[in-house]
Amino acid sequence: PTSMHGLLPYCELRACWRDIGLDPEIYCAIVTGTGEAFSAGRDVKFLAAHQSEGKRTPHEDPTNPTYQWGGGSLPSNVGLDKPVISAINGLAVGVGLSLALSGQLRVMAEEAWISDTHTLVGRLGSPQNLYFGIPRAVAAWLTLANGRLSAQECLQYGIDNKVVPRAKLM
């Protein structure tokens with residue numbers, strides 16, 4: 001959903017991470033997608049509408065009450081100190097890639113893949129985040145050349161911990 005001017009997914013995820021952190025009965029979290037995608041990232045139409053007007057999106061505008069650069073939907077945005085497992089069931093692109101990389105443990109379905117296509121919408125993406133989870137040369141290729149890595153390539157580069165058939169992902 002992208003109601004609340006495209007902010008609902010960010011606000012809901014931030015609230016989930018906060019609630020997980022506060023609940024003493026929860027020891028870890030698993031984040032995954034539904035269908036064929038882990039996450040396609042931000043709503044590009046929402047972003048383009050603001051860019052065409054020369055404006056920042058609300059969560060990127062420091063004068064807006066919902067301000068949180070990048071959306072604030074990552075576990076680190078609320079200081080979550082519990083382990084997160086990313087169960088990457090399908091494509092993880094753009095901000096979806098940042099979310100996938102936020103997991104300390106990452107398991108990918110055989111047909112899953114990652115990419116960072118921010119340059120297609122006039123942005124650099126989040127190389128500062130990618131460099132922590134991916135070898136520098138691979139992160140530069142993903143970020144600057146809109147590269148794409150299969151689950152098996154991710155395993156080869158140490159980006160994920162395991163590749164499994166989709167039916168065994170969870």
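Reply: Buried means under 20% relative accessible area, exposed means over 50%, and partly exposed lies in between (1.4 Å probe, protein chains only). Helices (H or I, at least four residues) and strands (E, at least two) are DSSP runs, numbered from the N terminus. The model is predicted, so local features need pLDDT of at least 70 and side-chain atom pairs count only at pLDDT 80 or more, while totals for chains, interfaces and linings use all residues. Residues are numbered from 1 along each chain as its sequence is written, and side-chain values use heavy atoms, with hydrogens and water left out.

Me: How many helices and strands does the protein have?
Reply: The protein has 170 residues, and buried residues make up 44% of them. Its secondary structure comes to 7 helices and 8 strands.

Me: What share of the contacts with a separation of 6 or more is between residues 24 or more positions apart?
Reply: Contact means heavy atoms within 4.5 Å. Of the contacts in the protein with a separation of 6 or more, the share from residues 24 or more positions apart is 61%.

Me: Is strand E5 largely enclosed or open, and how many of its residues are buried?
Reply: Strand E5 covers residues 105-109. It is largely enclosed by the rest of the structure, because the buried residues number 4 of the 5.

Me: Which residue of E8 is the bridge partner of Met-108?
Reply: E5 also pairs with strand E8 (residues 162-164), in the parallel sense over 3 bridges. In E8, the partner of Met-108 is Val-163.

Me: Is Ser-86 buried or exposed, and what is its relative accessible area?
Reply: Ser-86 lies in strand E3, residues 84-88. Beyond its neighbours within four places in sequence, Ser-86 contacts Val-31, Leu-99, Ala-100, Gly-103, Leu-105, Arg-106 and Val-107. Ser-86 is buried, because its relative accessible area is 0%.

Me: Which residues make up the uncovered face of strand E1?
Reply: E1 (residues 29-32) runs parallel to E3, joined by 4 bridges, and Ala-29 stands opposite Val-84 in E3. In a regular strand the side chains alternate between the two faces of the sheet. The covered face of E1 holds Ala-29 and Val-31, and the uncovered one holds Ile-30 and Thr-32.

Me: What is the order of the strands in the open sheet, and what is its average twist?
Reply: The open sheet has 4 strands in the order E2-E4-E6-E7, with mixed pairing. Its edge strands, each pairing on one side only, are E2 (37-39) and E7 (148-150). From one strand to the next, the twist averages 15 degrees.

Me: Which residue of E7 stands opposite Ser-115?
Reply: Strand E6 (residues 113-115) and E7 pair in the antiparallel sense over 3 bridges. In E7, the residue opposite Ser-115 is Arg-148.

Me: At about what angle to E7 does helix H6 run?
Reply: H6 (residues 136-145) lies across E6 and E7. Axes are lines fitted to C-alpha atoms, for helices over the stretch in contact, and angles run from 0 to 180 degrees between N-to-C directions. The angle of H6 to E7 is about 125 degrees.

Me: Why do the buried residues of H6 line one face of the helix?
Reply: In H6, Val-138, Ala-139, Leu-142 and Thr-143 are buried. Seen down the axis, the buried residues line one face because they fall within an arc (of the directions from the helix axis to the C-beta atoms) of 125 degrees.

Me: Which residues on the other side of H6 are exposed?
Reply: H6 is followed by Asn-146, whose phi is positive, near 55 degrees. On the other side of H6, the exposed residues are Arg-136, Ala-137 and Leu-144.

Me: How far apart in space are Pro-135 and Gly-158?
Reply: Pro-135 is in the loop between helix H5 (127-133) and H6, and counts as partly exposed at 34% relative accessibility. Not counting residues up to four places away in sequence, Pro-135 touches Tyr-157 and Ile-159. Pro-135 and Gly-158 are 23 residues apart in sequence, and their C-alpha to C-alpha distance is 8.4 Å.

Me: How many disulfides does a search of the whole structure find?
Reply: Cys-16 is partly exposed at 42% relative accessibility, whereas Cys-154 is buried at 0%. A disulfide is a pair of cysteine sulfur atoms within 2.5 Å. In the whole structure, the number found is 0.

Definitions and conventions:
Two strands pair if DSSP finds at least two bridges between them.
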